[in-house]
Amino acid sequence: EKKLVGVRDPHGIRPLSLGRWEGHYVLASETCAFDTIGAEFIKEVNPGEMVIISREGLESIQFLASNSTALCIFEFVYFARPDSDIQGKNVHLVRKELGRQLAREHPLQADLVTGVPDSSLAAASGFAERAGLPYEMGLIKNRYIGRTFIQPDEGIRNTGVQLKLNPVQKVVQGKSIVVVDDSIVRGTTRKKIIKMFFKAGAREVHLRISSPPIISPCYYGINIQTSEELIGSKKEVEEIRRELGATSL
């Protein structure tokens, strides 16, 4: 007999959800997959839980007790699609609130706010809303280029940024702009973006990041092997600002 088995690790590092589609049970890492096929969301699989789907129906086994969970925060920051829900919270709305909180903690006077497509657009709109500044599309994304920070080679990452993003010169020229982004990992991408904006004629480029500094390697799905790769593990905020060439950070 064929069975479909879904297992979530005891720390719940990655999300996993259970749904129902036309009388059948389905599993997906993101709830937006259920929307795509017209399935109904039932529940998130608990950390340390195994679900077994067969012709007899659904069986759930809590094979390990979960005393402390550790969802990867990058799911909310970067990985997950904005139309997914994790732990009962919509990813887009969480990112937007991160932007609002960023504006509360680090306000400034500027002409406009823009985000880096796609994962920081929600944070940028939240920042603009809270700061009372216009939100503009200052960067356009080439839809045929993949995500850059997970590329294995620095040369590929550098080239990828140039192919992936292009500033809208008529929007940013002569302006003091706030660029909201979701994270700084190695600093490679952000440095290129800031140079792009200055080359397009921006007067000031203020960088605002909606997640804390990344200071340690991750071995659970992100291509970060050593702390030496991470600009936040070696430098303070002002040092990072100088290296990236931003007006403020």
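**View 1. Glu-243 and its salt-bridge partner in the predicted model.** Glu-243 counts as partly exposed because its relative accessibility is 34%. The model shown here is predicted. The side chain of Glu-243 meets that of Lys-235 in a salt bridge, 3.3 Å from N to O. Lys-235 is also partly exposed, at 28% relative accessibility. Elsewhere, salt bridges with shared partners join Lys-96, Glu-97, Arg-100, Arg-104 and Glu-129 into one network. The count for the model comes to 16 salt bridges.

**View 2. The Asp-181 and Arg-190 salt bridge.** Asp-181 pairs with Arg-190 in a salt bridge. Their closest N and O atoms are 2.6 Å apart. Both residues, Asp-181 and Arg-190, are buried. Each therefore has under 20% relative accessible area.

**View 3. The Asp-83 and Arg-81 salt bridge.** Here Arg-81 and Asp-83 form a salt bridge. The closest N and O atoms lie 2.7 Å apart. Asp-83 has 35% relative accessibility, so it counts as partly exposed. Arg-81 is partly exposed too, with a relative accessible area of 42%.

**View 4. The largest pocket.** This pocket holds about 470 Å³ of space. Its lining has 23 residues. Closest to the centre are Ile-209, Ser-211, Pro-212, Pro-213 and Val-237. Four elements each supply at least two lining residues: helix 3 (91-105), strand 13 (204-209), helix 8 (231-234) and helix 9 (237-244). Which classes of residue make up the lining of the largest pocket? Twelve are nonpolar, six are polar and five are charged.

**View 5. The second largest pocket.** About 330 Å³ of space lies in this pocket. It is lined by 17 residues. Nearest its centre lie Cys-72, Ile-73, Phe-74, Ile-214 and Ile-222. By class, 15 of the lining residues are nonpolar and two are polar. The lining of the second largest pocket has no charged residues.

View 6. Where does Leu-64 lie? Leu-64 is in the loop between strand 6 (57-62) and helix 2 (74-79). Leu-64 counts as partly exposed because its relative accessibility is 42%.

Key: Residues are numbered from 1 along each chain as its sequence is written. This is a predicted model: local features need pLDDT of at least 70, side-chain atom pairs count only at pLDDT 80 or more; totals for chains, interfaces and linings use all residues. Side-chain values use heavy atoms; hydrogens and water are left out. On a 1 Å grid over the protein atoms alone, a cavity is a set of points where a 1.4 Å probe fits but cannot get out, and a pocket is an open set with protein on both sides within 12 Å along at least five of seven lines; lining residues have an atom within 4 Å of a point. Grid points are joined across faces, edges and corners, and a volume is the space filled by probe spheres set on the points. Ala, Val, Leu, Ile, Met, Phe, Trp, Tyr, Cys and Pro count as nonpolar, Asp, Glu, Lys and Arg as charged, and the others, Gly among them, as polar. Buried means under 20% relative accessible area, exposed over 50%, partly exposed in between (1.4 Å probe, protein chains only). A salt bridge is a side-chain nitrogen of Lys or Arg within 4 Å of a carboxyl oxygen of Asp or Glu.
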